[in-house]
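Biologist: Thanks for sitting down with me. Could you walk me through this model, one question at a time?

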Amino acid sequence: MPEIAQVSSRSRAVGFLVGMILVVALAIIAAWISKIPEIKYWGLEYVLWAVVLGLLVRNTIIELLIRKKPTLGVQERLTTAFRPELFIKTGLVLLGTSVNFYVILRLGAKGIVQALLVVITVFLVAYYVARRLGIDKKFAAVLSAGVSICGVSAAIAAGESVLADRKQVVYAVTLVVAFAIPMLVALPVVARALGMPDTVAGAWIGGNIDTTPAVAAAAQIFSDQAVEVATIVKIAQNALIGVVAFLLATYFALVVEKKSSEKPSPKVIWNRFPKFILGFMFASVLATIGVFTKDQLTVLGNLTKWLFAITFVSIGLSTAIGDFGKIGRKPLLVFLSATIYNTILTFTTAWLLFGGILPM
Amino acid sequence: MRKIKLQDDWLALVIGLLLILLIFIGLLKGVPW
């Protein structure tokens, strides 16, 4: 590897530039594909296309270059530009502006009760199943956060809190995206077949599907009225990202990885706490007190989408499909069982809380 | 690894807040999707 190790700063800069152009170009193509009317109709969102395009380029062109011209050090040079963690964290700070606590309160206590029930119990069920299957605590935490809160963002925030292996986070993110697609198609159809009222269907979709864009897309397939409830329920869950990141950082610092010599102190927790979550929280406070105009919120929303798109392209670009084989099927089982539990739970809570059965 | 994570955390925080500030003061507008 001497050639690779001696990559000069000039060629590193060139690698970064080429990598960045590739990432942005693929993100633009992903956004463009997702806007094709037929594709939009089926709710196949940009996140999916971004991952798929990234994976495609990584596992064909880049793979070929790695094999044929190993001395070029293509992957090493390009990866300086593929920084999904940085992109998503910046995206998450901006995502904070979509969490308006007044909007969440518009649904009354119902939205908050459902969000808390779903996040807490689905997290615990997933964590329990993962541990029973012998998955390590860090990966279990990342998977559980991904399946219980809002998928991608939560999986990444949790991964940061527990200092999980990057491959585990990527795997959890891929599962989140992969699970969202069938759910996105199935939930509106089932909701319609069961004759669910708009609010109940919205609450079910919002509480159950993991990724925020998929929630909006699925609710849109059902009805316009369902979109509002589904989105607010989802935002209520998203608001819990910070709390979960804090709790996980605390739990892992004080219990799981406690060194016998180390005294539990706020400093230990602070060291581990993902700092960008502070930006997320600050941004949601700004949004709640009404600092932004409607136009500014649209710009913030669009910018968040771009950051997420380049994140997912980068994730795809830095993932060799062969890596997944090593992780095995257990995480898939965790996701499957937690999703089945989540579907039944949110189906019940949506009827009880939003169907007028329990007066709230 | 730990160092990179810390760098990323603070960098993301700064870039994120900077972007919010730019949008708030109107220097960054009309981002299309």
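Biologist: What percentage of the 360 residues of chain A count as buried?
Modeller: Bear in mind that this is a predicted model. A residue is called buried when 20 or more other C-beta atoms lie within 10 Å of its own. Among the 360 residues of chain A, the share that passes is 52%.

Biologist: What radius of gyration does chain A have, next to that of a compact globule?
Modeller: The C-alpha trace of chain A spans about 70 × 60 × 45 Å along its principal axes. For 360 residues, a compact globule would come out near 21 Å, and chain A agrees with that, because its own radius of gyration is 21 Å.

Biologist: How many helices and strands make up the secondary structure of chain A? And how many of its contacts join residues at least 24 apart?
Modeller: Chain A has 20 helices and zero strands. Taking the contacts in chain A between residues at least 6 apart in sequence, the part that joins residues at least 24 apart is 78%.

Biologist: Is E45(A) buried or exposed?
Modeller: E45(A) sits in the loop between α3 (37-41) and α4 (46-68) of chain A. Beyond its neighbours within four places in sequence, E45(A) is in contact with S34(A), P213(A), A214(A) and A217(A). I181(A) is 136 residues away in sequence, with a C-alpha to C-alpha separation of 8.9 Å. Since 26 other C-beta atoms lie within 10 Å of E45(A), this residue is buried.

Biologist: How are α10(A) and α15(A) oriented to each other?
Modeller: Helix α10 (residues 152-162) and helix α15 (residues 241-256), both of chain A, have axes 8 Å apart and pack at an angle of about 25 degrees. α10(A) passes α15(A) in a right-handed crossing. Angles under 35 degrees count as roughly parallel, so α10(A) and α15(A) are roughly parallel.

Biologist: Which classes of residue make the contact of α10(A) with α15(A)?
Modeller: From α10(A) come S153(A), A154(A), A157(A), A158(A), S161(A) and V162(A), and they meet I241(A), V244(A), A245(A), L248(A), A249(A) and F252(A) in α15(A). By class, the residues of this contact are 10 nonpolar, two polar and no charged.

Biologist: How many residues of α10(A) are buried, and which residue follows the helix?
Modeller: α10(A) is mostly covered, with 11 of its 11 residues buried. The buried residues include E160(A) and G159(A). The residue that follows α10(A) has a positive phi, near 55 degrees, and is L163(A).

Biologist: What is the handedness of the crossing of α12(A) and α14(A), and which classes does their contact have?
Modeller: The axes of helix α12 (residues 198-208) and helix α14 (residues 224-238) of chain A come within 7 Å and cross at roughly 35 degrees. The crossing is right-handed. Among the residues that make the contact are G202(A), G206(A) and D198(A) of α12(A), with E228(A) and K234(A) among those of α14(A). By class, the contact of α12(A) with α14(A) has eight nonpolar, six polar and three charged residues.

Biologist: And chain B: which classes of residue are on its side that touches chain A?
Modeller: Chain B has one helix and zero strands, and 27% of its 33 residues count as buried. In chain B, 20 residues are in contact with 23 residues of chain A. By class, the side of chain B that touches chain A has 14 nonpolar, two polar and four charged residues.

Terms used
Residues are numbered from 1 along each chain as its sequence is written. Chains are lettered from A and ligands numbered from 1 in the order in which they are written. This is a predicted model: local features need pLDDT of at least 70, side-chain atom pairs count only at pLDDT 80 or more; totals for chains, interfaces and linings use all residues. Helices (H or I, at least four residues) and strands (E, at least two) are DSSP runs, numbered from the N terminus. A residue is buried if 20 or more other C-beta atoms lie within 10 Å of its own, exposed if 12 or fewer, and partly exposed in between; C-beta atoms are placed from the backbone. Two residues are in contact if their C-beta atoms, placed from the backbone, lie within 7 Å. Ala, Val, Leu, Ile, Met, Phe, Trp, Tyr, Cys and Pro count as nonpolar, Asp, Glu, Lys and Arg as charged, and the others, Gly among them, as polar. Axes are lines fitted to C-alpha atoms, for helices over the stretch in contact, and angles run from 0 to 180 degrees between N-to-C directions. Angles under 35 degrees count as roughly parallel, over 145 as roughly antiparallel, 65 to 115 as roughly perpendicular and the rest as oblique. A crossing is left-handed if the near helix is turned anticlockwise from the far one by less than a right angle, and right-handed if clockwise. The radius of gyration is taken over C-alpha atoms; the globule rule is 2.2 Å times the number of residues to the power 0.38.
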